[in-house]
Each structure stands twice: as structure tokens, then as C-alpha cells.
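Open the structure in your viewer and keep the selection tool ready. This tour goes stop by stop: what to select, then what is there.

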Amino acid sequence: MAVLSDGAAPVRAGRPATEEAMPATALRRPAAPTPPPAPLTGRARLVPLGVGLLVLVLYLWWSLLQWHRWEVPSWDLGIFTQLAKSYAAGDGPLVHIKGHGANLLGDHFHPILVLLGPVYALFPSALTLLVVQDLLVAVSAWALTRFAVRALGAAPGAALGLAYGLSFGLQAAVSVQFHEVAFALPLLVLALGSLVERRWTAAALWAAPVAFVKEDLGVTVAVLGLVLAGRAHREAGGDRRPVLLGLGLAVWGAAWSVLAVAVVLPALSPDGRFAYADRLDLAAAAADPVGALVSLVVPGQKALTWLTVLAVGAVVVVRSPLALVALPTLVWRMLSPDHGYWGTGWHYSAVLMPIVLVALLDAVLRLRGGRLRRLGRAAPALALVVALLLVPGRPLADLVDPAAYRPDPRAEAKAAVVAAVPEGASVATDLTLLHHLVPRAQVHWLGNGGDPAPEYVVVDRLGTAWGGNPPGDVADWSRQRYGAGYAVVRDEKHLVVVRRRD
């Protein structure tokens, strides 16, 4: 009778599996490599594609609806559109909205966004970036579903994929329009999914570019590398290569975060420092570790975010070491004094969603055969139920709200203002038409000091940027601000265009 030990060759019953009883060569022999996962066949092949297409349709629908309503949550889409336009023109990461001649790589470290250049060159519109983000979300949903169907079967795999696609973090990210973290979504899914399948090299290769998405994500890559090394140490059967690969990935990620924050960002910033250094005080946290630990969950808004993320992972996500990869993002957000990072809105939770849902897949596999196997089998369905319960009040709920389809009553006036600014002209404006003007003009932000006098100034007296106190005489306000004479050329429905008098 043979007894199987952990990863070792079978030994005869009654013979101790000790170093003395086994040949030295057997101790050093690595386990056979994990065979590649079996390709999906039949209808199972259509499940990931179906989930991916559904997610794409939902988010494209939402983005087009938002575009139709002329919504502008912030200036970020304008900034990234101007970045894409600059890359497409071969001018590098110049973004005048952040200040005349500003290098956006001095604001955040996101060299991966150079990929936007060729796409924007073909489709020069801010809408292009929204579509790119929706595609990246959909690809990540397809990839996650594919991993889940291969491991669990069609029904639970589809449930897990839909739970990811409908998750609150992705909805929030799409609703606040394009951000660089969208590029991390498919990369993280492919890296973590490969790790679940013990394809160590693929996991490392997919994870490595995540360090180029944003400066803090290098730390996420570092933790992923350590998790890879730890799992390979336990499961690679004595083969040290994947362990070293994981440790190398950890060094790679940490090095890029340090290099970005300590060297690249200060060097390219106009004031010679990392602009967001005040968002996290690690020295203060180290000086008072107990207080820092308490501040991770206090006030209640922080605790609610932790609980929501835990609910997305159907709680059993904590059974997977992959869940540790989410900690860098959660910890820096909760330690920050900026309360804007603490909640579940905006795009800050987007990178958590692939981590949590792939970690849930891993947890389900780990629970097989154990006392909690029934909970493991139910977890994908539970995750989908949680995602559906969180939809009301969130962006996708607008798709079934008739009020969301009402057109902007000033849509024609806004389109006329955009058309009134000549191609290639310089224009300073507030939020309302910022990203609509970027493709046709050289756009500056009205709130910046030191910008050159633009040819045109566009003001929305109803715009949120003015805090309820817009300038009454836009021409006179522009003269005082820029030291040049301006005359009104258009004033309709509180949208004012003035032109410089040369």
C-alpha cells in the first residue's frame, strides 16, 4: 500500500519518510511542473466571453449616457485627454491644464499611459479614453471569468466573473471617468490568476508592468512577489527558481515605488518635491503604531470600507494569502489624513476588485475537501448576491432610471460654445467644457496662476468650479487676471466666451 506525502514521491507504508530513509537525490529532485490548465471546450468557452461582453455593454452604455448628459465629475478626464493628445503628437507628457508646460510625470508616475497616444491619434476625443477604460474593465472580467470557469466550472465561474464585473469599485471608477488605474485591472487579474494556477513565470511577467501604472502600485507588486515566493516555496517541490522569481518581483516593485517617489516625481515636479507627500506620514505612524492601527478603522467611514471589501469577497476571501496583496492600497488610504481616500467612492477601490475576487477564487479552491467546503461552494453565488445588493444607489442603477435619460437642457449651447473656439486656439476654461475643448484647442485651467494670456476664455456661470460665485463681467475678470483686453463674443444660457483683443 502506498501513502502520498506532501508533494513527495509515494513511499511504502511503515517506512519512515525521513532523510535517512530517502536517497539524497530524491530530496533535491523538484516536483514535476504543474501541467497547464485544460483548455475550455464546448459551451464553457462561451461563458467568459459572455460575461466580458455583458460587462462591456453595461459600462459602455453608462459612459455614453454620461457623455450624453455632459457630466464632468472632475478635471481628471481633461487632464488625461490632454496627456493622450500630447503623446499622440510626440510632445511627451505635457499637460497645460496642470500649469503651462507642466510635465504630468511630475504629478503621478504612470509611464504606461504612453499607450494612449496611438489610440488617441486614431480617435481624438475624450470619449476615446472612456471607451478604453470600459474595454480594460471588460477584458479583466473576461480573464477573471476564464480562470474561474477553468477551476470551478461554468456556473460558479460565471457568478464570480459577474460579481467582479458588477463590483462597487469598478462602478465607482467608471462613473468618475478615466484614470490610470484602469490599466492595472487586466494585469492584476492575469498575474493573480496565473499565480492560482501555479504558472509562476506568467504571474511575474503580468505583474511587473503594474509598477508603471502608478507610484504606489509598485508596493502592491512587491507584496504580490512575496506571496508568489511563499507559495512557490511550499508548492514548487524544492525548485528554487520560482521562489527567486517571486523575490525578484518583490525587489522590482519596491524599487520602482522608491525610485518614483524619491527621484522621478520630485525631479519632474515644478517645485522639486512629490506633490502628494503630505497624504501619508509614515514617520508619524511608526512613532505611534497603536494609534496608527486604530486609525485604520476609525472613523466609521474607514470601517465601512473594510467591511464592504470583505463582503465583496464573501468573507472567505481571508482564507487566501492572495488577499494580502490588497493591503498596501487599503493601508495607505486609511492612514492618510485626506478623508477623500477613506470611502468607497471614486476610483480608489478599483485595484482592490481584481485582487479580492481572484483571492476569493483561490480561497474556494483551498476550501475543497475541508470542513468548510460547503461554504466554499456557495461563495461565488454569495459574492454575486453581494454585488447585486450593492447596485442600488450606484452608477449602474441609472441604466433603469428614466430620469437619467433626460438630456442636458443646455446641450446645444454647450456644443455651440465648443464650436466657437477655433481649432488650435489657446483657451482657459473651468470644468464644464474642459475635456470637450481639449481635442480642438490648447487648454489651460482658469484656476492656475502664471499661465500666459489665452486667446479665449470660456466660463460657465453655473459651473461647480466657482462655488456659487462666478464672475459677473467675464471680460473684465479676464483682463484683471491675464493683463490683456477681452471682449465678449458669446453669452448664452450662462455660458460666456470672451476673445482677447490683440
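## A buried salt bridge

Start with Asp408, which is buried at a relative accessible area of 14%. The model you are looking at is a predicted one. Asp408 and Lys414 form a salt bridge, with their closest N and O atoms 2.6 Å apart. Lys414 is buried as well, because its relative accessible area is 5% and the cut-off for buried is under 20%.

Next, select Asp460 and Arg410. These two also form a salt bridge, and here the closest N and O atoms are 2.8 Å apart.

Now pick Arg198, Arg231, Glu235 and Asp362. Salt bridges with shared partners join these four into one network. The count for the model comes to 19 salt bridges.

For a contrast, go to Asp278 and Arg279. Their side chains meet in a salt bridge at 3.7 Å, N to O. Are these two residues buried or exposed? Asp278 counts as exposed, at 53% relative accessibility. Arg279 is partly exposed, at 25%.

What is the order of the strands? The sheet is open, has five strands and runs 4-3-5-7-6, with mixed pairing. Color strand 4 (442-445) and strand 6 (486-492): these are the edge strands, and each pairs on one side only. Neighbouring strands are turned by 25 degrees against each other on average, direction ignored.

Select residues 456-460 and 495-500. These are strand 5 and strand 7, which pair in the antiparallel sense over five bridges. Val459 stands opposite Val496 of strand 7.

Now move to the other partner of strand 7. Strand 6 and strand 7 pair in the antiparallel sense over six bridges. Find Arg490: its bridge partner in strand 7 is Val497. Strands 6 and 7 form a hairpin with two residues between them. Zoom in on Lys493, in the loop between these strands. Lys493 has a positive phi of about 55 degrees, although it is not a glycine. With 44% relative accessibility, Lys493 counts as partly exposed.

## Helices against the sheet

Show residues 411-420. This is helix 18, which lies across strand 5, strand 6 and strand 7. Helix 18 runs at about 10 degrees to strand 7. Then show helix 20 (residues 474-482), which packs on the sheet. Helix 20 touches strand 3 (426-429), strand 5, strand 6 and strand 7. Its direction makes about 140 degrees with that of strand 6.

## An edge strand residue

Go to Val443 in strand 4. Val443 is buried, with a relative accessible area of 0%. Which residues touch Val443, leaving aside neighbours within four places in sequence? Its contacts include Gln82, His96, Ile97, Val427 and Thr429. Val443 and Ser426 are 17 residues apart in sequence but 5.9 Å apart in space, C-alpha to C-alpha.

## A buried threonine

Select Thr220 in helix 10 (residues 217-235). Thr220 is buried, at 2% relative accessible area. Not counting residues up to four places away in sequence, Thr220 touches Val325, Pro328, Thr329 and Ile355.

## Two loops

Jump to Pro299, in the loop between helix 13 (289-295) and helix 14 (300-312). The peptide bond from Val298 to Pro299 is cis, with omega near 5 degrees.

Then select Trp70, in the loop between helix 2 and helix 3 (76-88). Trp70 is not a glycine, yet has a positive phi of about 55 degrees. Trp70 is buried, with a relative accessible area of 16%.

## A nonpolar patch

Last stop: the surface. Select Leu46, Leu49, Leu53, Val139 and Trp142. Together they form a nonpolar patch with about 460 Å² of accessible area. Helix 2 (46-68) and helix 5 (126-152) are the elements that give two or more residues to the patch. Helix 2 gives the most, with three residues. Trp142 lies in helix 5 and is partly exposed, at 34% relative accessible area.

Key:
Residues are numbered from 1 along each chain as its sequence is written. This is a predicted model: local features need pLDDT of at least 70, side-chain atom pairs count only at pLDDT 80 or more; totals for chains, interfaces and linings use all residues. Side-chain values use heavy atoms; hydrogens and water are left out. Two strands pair if DSSP finds at least two bridges between them. Helices (H or I, at least four residues) and strands (E, at least two) are DSSP runs, numbered from the N terminus. Axes are lines fitted to C-alpha atoms, for helices over the stretch in contact, and angles run from 0 to 180 degrees between N-to-C directions. Contact means heavy atoms within 4.5 Å. Buried means under 20% relative accessible area, exposed over 50%, partly exposed in between (1.4 Å probe, protein chains only). Patches are made of residues with over 30% relative accessible area and no salt bridge: like charges are joined within 9 Å, nonpolar side chains (Val, Leu, Ile, Met, Phe, Trp, Tyr) within 5 Å. Accessible areas come from the Shrake-Rupley method with a 1.4 Å probe; for residues, only the protein chains shown count as cover.
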